[in-house]
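Subject: Structure for you to look at

Hello,

Here is the structure I said I would pass on. My notes on what was found in it follow below.

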Amino acid sequence: MTTTVAPLGVDRTWLARLKRIPLDDLRYLVRSVLKSLFTIWLVTTLIFFVIRLMPGNPVDIFVQDLLLKGLAYEDAQTQAASMLGVRLDRPLHEQYFEFLGNLAQGDLGKSYISRNVPVSQMIVQRLPWSIFSIGTALLISFALGILLGMIVAYKRNSWIDHLLTNLAAAMDALPSYLIAILLILLLCTVFKVIPVTMTRGAVSPGIPPGFSIDFFVDVLQHYALLAFVYILSRTGSWMLTMKSSTMSTLGEDYVTAASARGLSEGRIITAYVGRNASLPLVTRLALSIGFVVGGSVIIESIFVYPGIGLLLSQALYSRDYPVMQGVFLVTTIAVVLSNFVADLLYGWLDPRIRIAGEAK
Amino acid sequence: MTPTLSIQNLTIEYAVRRGAVQAVRNISFDIRRGEVLSLIGESGSGKTTFGLGVMRLLPTMARVRQGSLLYRRDAASDALEVLKLNDAALRAFRWKHVAMVFQSALNSFNPVLRISDQFADTAHAHGYLRGNLLAARAAQLFTLVRLDPERVWRAFPHELSGGMRQRVMIALALLLEPQLLILDEPTTALDVLTQRNIIDVLKELRHKLNFALLFISHDLSLAADLADRVATMYAGKLVEIGDVFTIFQSPRHPYTTGLIRAVPTLTSDRKDLTSIPGSPPDLIDLPSGCKFHPRCPLASARCKSEEPELEDAAAGHQVACWNWRAI
C-alpha cells in the first residue's frame with residue numbers, strides 16, 4: 001500500500017481536550033451550584049412550614065404524654081412549658097427568619113425534647129450508623145442485583161430465570177417491614193436461631209466502643225439481620241431492572257458486531273453488554289446513595305437501630321421541629337449532591353450525554 | 001483456482017412457535033478468490049440469514065440443518081470446515097478470515113467506546129498490533145476509505161456521520177486482512193450521494209487489496225455497478241447465478257427478470273416498468289413445486305408439482321426454472 005500514514009497523537013489530543021474544557025465546565029459548575037442552592041432553600045422552606053401544619057405541636061404532644069402518666073391538666077401544662085421552653089406563639093414568619101438566620105451561621109438549633117442538645121450533634125451521632133448499615137446494604141444489593149440481573153438475562157427462560165425472576169418480583173412487592181417482622185418472628189421466636197437482643201440497637205450494652213474484636217463482632221451481629229432485610233427487599237428491583245436493561249442491550253447490533261469481530265466472551269460481557277446495560281442503573285444508585293443519609297425510617301424503627309431514620313421517626317412523633325428540620329436539611333443536601341454527582345458520572349460513563357456547553 | 005468459500009447444501013431454519021421458518025434452503029455455490037458476488041432478492045428471501053450463517057452469528061433459535069462451508073485462506077492452504085469449528089477456533093476465524101459489515105453499521109459500534117478502543121479490542125482479540133503500530137495501521141486504512149484519521153481515531157461513534165461510521169466499519173473490517181468481506185446492505189440507511197461514495201470506496205479497495213466480497217443487497221443498480229457475478233435468491237433458495245452481464249442482459253429466471261424490470265433506467269420508458277405481482281411466500285408454509293409459481297407469468301403444471309434445481313443455461317450461468325428456455 002502506498003498511502004501516507006498520518007500521525008495519530010494520543011497524548012496531544014488528550015491535552016487539547018483538557019485545555020478546551022475548563023471554561024465550559026466552569027460555567028456548568030457555577031450554574032449547577034446555584035441551582036442546587038436554590039433547590040435546598042426551597043425544600044427547607046417548604047419543610048419548615050409543612051411540619052408546622054401537622055396536627056398538634058410539641059407542647060400539646062408533651063402535655064398529652066404527661067396526662068397519660070396521670071398528671072392533672074394544669075400541672076402538665078406548666079411542666080411542659082417549663083421543660084420545653086419553647087415559644088410557639090410567635091408569628092410564623094418571625095420564627096422562619098430566625099431559623100434562616102441561624103442556618104446561615106451553621107446553627108441548626110437545639111432539640112425541643114432533649115433539651116440543650118444541638119441538633120447538629122444528634123445528627124452527627126446518628127449519621128455514621130445509617131451510612132454504615134443502610135449504605136453497605138445498598139451497595140451489596142446493587143452489586144447483587146446487577147450480577148443476578150445479567151445472569152438471568154443471559155439464561156432467560158431457563159429454570160434459574162423463572163426462579164429468580166419470580167422471587168425478585170415477590171420480594172419487590174413485599175413491604176420491607178413485613179419481611180423484617182417475619183424474619184424476626186421466624187429466626188428469633190420460632191426457631192430461636194438468633195437471640196432477640198441482636199435485633200435491638202446497634203451494639204449490646206456494656207461493650208465499650210473501640211478497635212476491639214468484641215466490638216466489631218457485636219456491631220456486625222446487630223447489623224446482619226437488618227442488612228439482610230434491606231438486601232432482600234431491594235435486590236429484586238435492581239435485578240429486574242438490570243434484567244430488562246441487559247436483554248435490550250443483548251439485542252443491540254453492536255453486541256452481534258462484537259461477536260463477529262471475534263472478541264472474547266468476557267470482553268463482550270463486561271465492556272459491551274454489562275457497561276451499557278448498567279448505565280441507567282447508575283443514576284438510580286447515585287440517587288439512592290443520597291437517600292442513605294436519611295437512613296431507613298421503617299427498618300431502623302423496627303430494629304431500634306440508632307440511625308437517622310430512627311431519629312426522624314422519634315422527632316416526628318414528638319413534633320420536635322428543629323430535629324425534623326435538621327434531618328430533612330441534611331437529607332436534601334445529600335440528595336441534591338448525589339444528583340449532581342450522578343449527572344457528572346453519567347456524562348463520564350456515557351459520552352453521548354455530555355454537559356450542555358461542550359457541544360459545538 | 002480453488003474458491004475462497006465453497007458453500008454446499010446449506011440449509012438454515014428458524015424454530016418458531018408456528019413451525020420451522022425455512023430461511024435458507026439447500027444452497028450451493030462458490031465464492032471465488034477476489035471476486036465481488038452480489039446476492040440479490042426481496043426482503044425476507046434469506047439473504048441476511050445466509051450472511052449471518054457464514055459468520056455463524058445466527059440467533060439461538062436458528063438451526064443449520066445441513067450443509068458445509070469450506071474456507072481456504074489461499075490456494076495452498078487446507079480447507080477449513082467453518083461449521084465444525086469449536087468456540088475458540090470460531091472466535092479466531094471471525095474477522096481474521098471473514099469479516100462482515102452489517103445492515104445497520106450505524107449501530108455496529110459500542111456507543112460508549114472510542115473508535116480507537118474498538119480497533120484495539122479487535123486487534124487484541126486476535127493478538128494483532130497494539131499501541132502506535134495499531135494507530136498507524138488504522139490511519140492507513142482510514143486513508144484508504146477516504147477518512148481523516150485525526151478526526152476519526154479518537155472520536156466516539158456518535159460524533160461521526162452515518163456515512164463516516166459505515167466507512168470506519170469497512171476500515172475495521174479490513175484490519176486483519178480477511179479474505180472474504182460480507183457486506184449486508186451496507187448502504188440502505190444512507191442517502192444516495194453517500195451510497196455512491198461508499199460504492200466508489202469499495203471499488204477502489206478491491207483493486208488495491210485482493211479480497212472476495214459478498215455484497216448482499218436489494219438494490220440492483222448498486223449490485224450491477226459493483227459485482228463480477230450476481231446470484232438471485234428467492235424464498236431461501238438460489239434461483240439464478242451468473243456473471244453480471246449475462247444476468248442483467250439475458251436473465252433466464254422469471255424472478256430475476258421481474259426484479260430487473262421493476263427498476264427504472266435512464267433510457268427506458270415509464271411504461272416498461274412493471275412490478276412483480278403478489279408478495280413473497282410464507283417461509284413456514286411454502287407453496288408446492290417451484291416456490292415462485294404463484295407469482296410467475298410462465299407457470300405451468302409442472303411448476304406446481306416439482307421444484308426445479310439449478311442447471312446450466314450457459315457456461316457459468318445457472319438457473320433453477322423449468323421454463324428458462326422460454327425467456
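From the N terminus on, the elements of chain A run α-α-α-α-α-α-α-α-α-α-α-α-α. That makes 13 helices and 0 strands in chain A. Please keep in mind that this is a predicted model. Its scores are ipTM 0.85 and pTM 0.81. For chain B the mean pLDDT is 87, and 97% of the residues of chain B reach 70 or more.

Chain A

Chain A has 360 residues, of which 30% count as buried. Among the contacts in chain A with a separation of 6 or more, 72% are between residues 24 or more positions apart.

Helix H5 (residues 119-154) of chain A and helix H13 (residues 321-349) of chain A have axes that come within 9 Å and cross at roughly 55°. The cut-off for roughly parallel is under 35 degrees, and roughly perpendicular begins at 65. H5(A) and H13(A) are therefore oblique to each other. The crossing of H5(A) with H13(A) is right-handed. On the H5(A) side, the residues that meet H13(A) are Val119(A), Ser120(A), Met122(A) and Ile123(A). Their partners in H13(A) are Pro322(A), Val323(A), Gly326(A), Val327(A) and Val330(A). By class, the residues of this contact divide into 7 nonpolar, 2 polar and no charged.

Ala286(A) is found in helix H10 of chain A. Is Ala286(A) buried or exposed? Ala286(A) has 20 C-beta neighbours inside 10 Å, and therefore counts as buried. Leaving aside neighbours within four places in sequence, Ala286(A) is in contact with Ser338(A), Val341(A), Ala342(A) and Leu345(A). Trp238(A) is 48 residues from Ala286(A) along the chain, and the C-alpha atoms of the two are separated by 13 Å.

Where the chains meet

The contact between the chains takes 27 residues from chain A and 34 residues from chain B. Which elements of chain A give two or more residues to the side that touches chain B? They are helix H9 (253-260) and helix H10 (265-292) of chain A. H9(A) gives the most, with 6 residues. The residues on this side of chain A divide into 12 nonpolar, 8 polar and 7 charged.

The buried residues in H3(B) are Ile115(B), Gln118(B), Phe119(B), Asp121(B), Thr122(B), Ala123(B) and Ala125(B). What covers them includes H10 of chain A, together with helix H4 (131-144), helix H5 (149-153) and H6 of chain B. Just after H3(B), Gly127(B) takes a positive phi of about 60°.

Chain B

H6 of chain B also has a contact with another helix of its own chain. The axes of helix H6 (residues 162-174) of chain B and helix H7 (residues 192-208) of chain B cross at roughly 20° and come within 10 Å. Angles under 35 degrees count as roughly parallel. H6(B) and H7(B) are therefore roughly parallel to each other. Their crossing is right-handed. In H6(B), Gly162(B), Gly163(B), Gln166(B), Arg167(B) and Ile170(B) take part in the contact. They meet Thr194(B), Asn197(B), Ile198(B) and Val201(B) in H7(B). By class, the contact of H6(B) with H7(B) has 3 nonpolar, 5 polar and 1 charged residues.

Two residues of chain B other than glycine have a positive phi, and I list them here.

- Asn26(B) has phi near 50°. Asn26(B) lies in strand E2 (residues 19-31) of chain B. With 18 C-beta neighbours inside 10 Å, Asn26(B) counts as partly exposed.
- Glu185(B) has phi of about 40°. Glu185(B) is found in the loop between strand E7 (180-184) and H7 of chain B. With 21 C-beta neighbours inside 10 Å, Glu185(B) counts as buried.

Regards

Note on methods: Residues are numbered from 1 along each chain as its sequence is written. Chains are lettered from A and ligands numbered from 1 in the order in which they are written. This is a predicted model: local features need pLDDT of at least 70, side-chain atom pairs count only at pLDDT 80 or more; totals for chains, interfaces and linings use all residues. pLDDT is the predictor's confidence in each residue, from 0 to 100. Axes are lines fitted to C-alpha atoms, for helices over the stretch in contact, and angles run from 0 to 180 degrees between N-to-C directions. Helices (H or I, at least four residues) and strands (E, at least two) are DSSP runs, numbered from the N terminus. Angles under 35 degrees count as roughly parallel, over 145 as roughly antiparallel, 65 to 115 as roughly perpendicular and the rest as oblique. A crossing is left-handed if the near helix is turned anticlockwise from the far one by less than a right angle, and right-handed if clockwise. Two residues are in contact if their C-beta atoms, placed from the backbone, lie within 7 Å. Ala, Val, Leu, Ile, Met, Phe, Trp, Tyr, Cys and Pro count as nonpolar, Asp, Glu, Lys and Arg as charged, and the others, Gly among them, as polar. A residue is buried if 20 or more other C-beta atoms lie within 10 Å of its own, exposed if 12 or fewer, and partly exposed in between; C-beta atoms are placed from the backbone.
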